Amino acid sequence: MGKEKFHKSQHWGFCNNVAMLVAEDKPGIGGEPLPGQKLKPEYSVFPKGMGSDAPAWIAFDKQVLSFDAYFEEEVPDKNQELYRIRHCKIYFYLEDDTIQVIEPQVKNSGITQGTIVRRHRIPLPPPHEDQFYTIDHFNINIEVILYARRYKIIDCDQFTKNFLRKMGVRLNPPADRPDDPYTKERQKILESMKPLRPYERIDTLKQFLEHDGQVLRFFCVWDDPESMFHDPRELVLHYYLSDDTIDIKEIIPVNSGRDAVPLFLRREKLPKYAPTGLYQPGTITSRTVLNVFGKLVGNRGRYILDNRKTGAVHQEFYRDSDLKIGAVINVWGRKIILCDCDEFTKEYYRTKYGIEDFTPVAYKAPPPPKPEKTFPPYTGFGSEEDSLCSCMSLLLKPPQKDFKKFMEKDRNGMESNILRFLAKLVTDSPIDKDRKFIISYFLSDDTISIFEQVQQNTGILGGKFLERGRIKKPGQELFKSEPSKYFKAQDLFVGARVCFHGHNFLLVDADEYTFNYMEKHANEFSMADIGIILKKLKDTAEPRSREIRQVFAAADPERSKVIEYEPFRNLIASITDGAFSEHEIITLGRYYSVREEYEMDLHFLLAVAQEQLKKNSFENFEQLSAVFLYNDREKCGALPHEMCRTICKSFKLPLADDDLQALLTMFGDDHKQVEYKKFVDGLNWRENQIPAFQTIKVKPVYLEDDLSGQPPSLPVKGIKYLPLLDDLFGKEE
């Protein structure tokens, strides 16, 4: 028999012209089986022509067949049970034919549960141990042997059933799930131990879950009668809504001589009335029981729950409804007054109980007012701020500067934050009358510098007239305790007269940046606030509305609805009788002026924008188009102007805001909808590069640092007076 078996399993073959024994399952050339040879499949064989042609480890990745099974385990060393039924799960992984057996955890089982067989390929039982389990070995209501342990498969999940049906497997009907005899007996014992009498349920979980972390806080006072000076003791009472407990902490003043203790009253339920004597342990219980037989039956009692609660000791505790401002509570014989509470406590009582009166109880005299701190007068040495710091503390420190203001108002790109005015000297000297000065006010630190313009054949050297620094207002005492007042930005405007170190100046003009800055921050500069100016003019001119309309009509003989600035200025000055400053008249003229419109070539703007993008190596045009397309929900090819501007800002386009606004306006329509595709194509310097700039008529740019001539103001050539009259007196019928 041994020889026959040897001949069946092996035969002679040739390798490199050498005869040797080879296995029976060795295939022929190209892996094809030899005539009469049947190869055993090493892995599960799936039917061809169905599903994907990908290998199993790709097609069945993360797909697992789940079977419900059980096995019997002998218990030889216990007389209560002879065997034990243990339920488990068998997982078959389709990707590599591995098997895993897991037993679910059972509470109080006393058995080490979890993974019984780790995941790996499991061989078949003898005599086929050279083969492994495949999908063909699994079905419902069958037994499988895994390492000499017999598992009974009773059912599987729906995915497993569907998969096996597709594989052509005829599923057996599910088997019954047997119960463990010992577990069933234990369950009967536990059920027999349950009392059939009424059971009182005390559940505080709901209150804890609803109010956990919510604490009412009251500020209290206790007048200790045993203290020597009868001084009040300040306390803080905390009421915990989660379990109706109270703790009290004492606020011990500094240098009071009292010992610092953690708590005045530890956290517990506080009884309303202090008993004459303490209750013995077990006197107060949540339930009351009765001994039915007493000691008649073998000195062993039989207890049942007493629904009548005969002999129960009831004790009332403080609840949230008992606590309110002005109430007196008894804390183990100490009378404590509730004087005040915090905002959360007020809102809680306002919502739950509708209480609105939370007037605190005054229990101590208000603290005396702090004496006003006086400083000695300025000595004349150093600056006033530096001398004042020597009076503030023993350790001398330099005066603090407003660093936040410096960072906000310092030069940033094209924002200089410098207000420049053209000024003249107020003097009778014929030599000094024609001198012109540039007064620069630095908003970052409120300093002022003055430069004099160079004029030929005057005999006066121009240049720096006054070093940059803060300038005190005239008419102040030198040696005084109060700090001196300095010139602010609000003190400078066109038409103002200022005195700098004994020199009287008249501000006659300002540059364009100054006018724009003051109008932009009109809440800080009343002289540039068009609302205040119109209200002031309306109060003055409203009684003479008909006369003023005739005067303006007479100044426009050609009926062009536009008048020049000079006659407009003279009319406003005559109407207000000189009450308006020159800056207010200029602001009014700028608001209603006919601004000159300059041509702007689209190709020039695109060329400038492409040059900036090229210098900064910006090439994210595809991402920019994708974001525009994503925000275009209606797919109409246009987006609102502000949305396009926000998207461009998010990409940090290296373009000035004015240039970006101008480009978006040119690619937009009357409804402020921008065609974003044309906009991005125009900016794309890689594909649509504009080779050269085109000659255009551009608006003249005035440099702020050019101090060679008079700082120019906006040329107000004409003023539309009809909108002004309509805003003042309403539209004429």
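Student: In this predicted model, which residues in α10 meet which residues in α12?

Tutor: A contact is read from heavy atoms within 4.5 Å, and here Leu537, Thr540 and Ala541 in α10 meet Ile572, Ile575 and Thr576 in α12.

Student: How should I read the way the axes of α10 and α12 cross?

Tutor: An angle is judged by the class it falls in, where 65 to 115 degrees counts as roughly perpendicular and under 35 degrees as roughly parallel. The axes of α10 and α12 come within 9 Å and cross at roughly 60 degrees, and the two helices are therefore oblique to each other.

Student: Which residues are buried in α19?

Tutor: Burial is read from relative accessible area, with under 20% as the cut-off; in α19, which spans residues 721-729, Tyr721, Leu724, Leu725, Leu728 and Phe729 are buried. These residues lie on the same side of α19, because they cover an arc of only 100 degrees around the axis.

Student: What do the buried residues of α19 pack against?

Tutor: Their partners include both helices of the crossing discussed above, α10 (530-541) and α12 (565-576), together with α11 (545-554), α13 (582-591) and the strands β23 (562-563) and β26 (719-720). Just after α19, the backbone at Gly730 takes a positive phi of about 85 degrees.

Student: Elsewhere, with which residues is Val328 in contact, leaving aside neighbours within four places in sequence?

Tutor: Val328, found in strand β15 (residues 328-331), is in contact with Lys335, Ile336 and Ile337 once those neighbours are set aside. Val221 is 107 residues from Val328 in sequence, yet their C-alpha atoms are 9.8 Å apart in space.

Methods:
Residues are numbered from 1 along each chain as its sequence is written. This is a predicted model: local features need pLDDT of at least 70, side-chain atom pairs count only at pLDDT 80 or more; totals for chains, interfaces and linings use all residues. Side-chain values use heavy atoms; hydrogens and water are left out. Buried means under 20% relative accessible area, exposed over 50%, partly exposed in between (1.4 Å probe, protein chains only). Helices (H or I, at least four residues) and strands (E, at least two) are DSSP runs, numbered from the N terminus. The arc is that of the directions from the helix axis to the C-beta atoms. Axes are lines fitted to C-alpha atoms, for helices over the stretch in contact, and angles run from 0 to 180 degrees between N-to-C directions. Angles under 35 degrees count as roughly parallel, over 145 as roughly antiparallel, 65 to 115 as roughly perpendicular and the rest as oblique.
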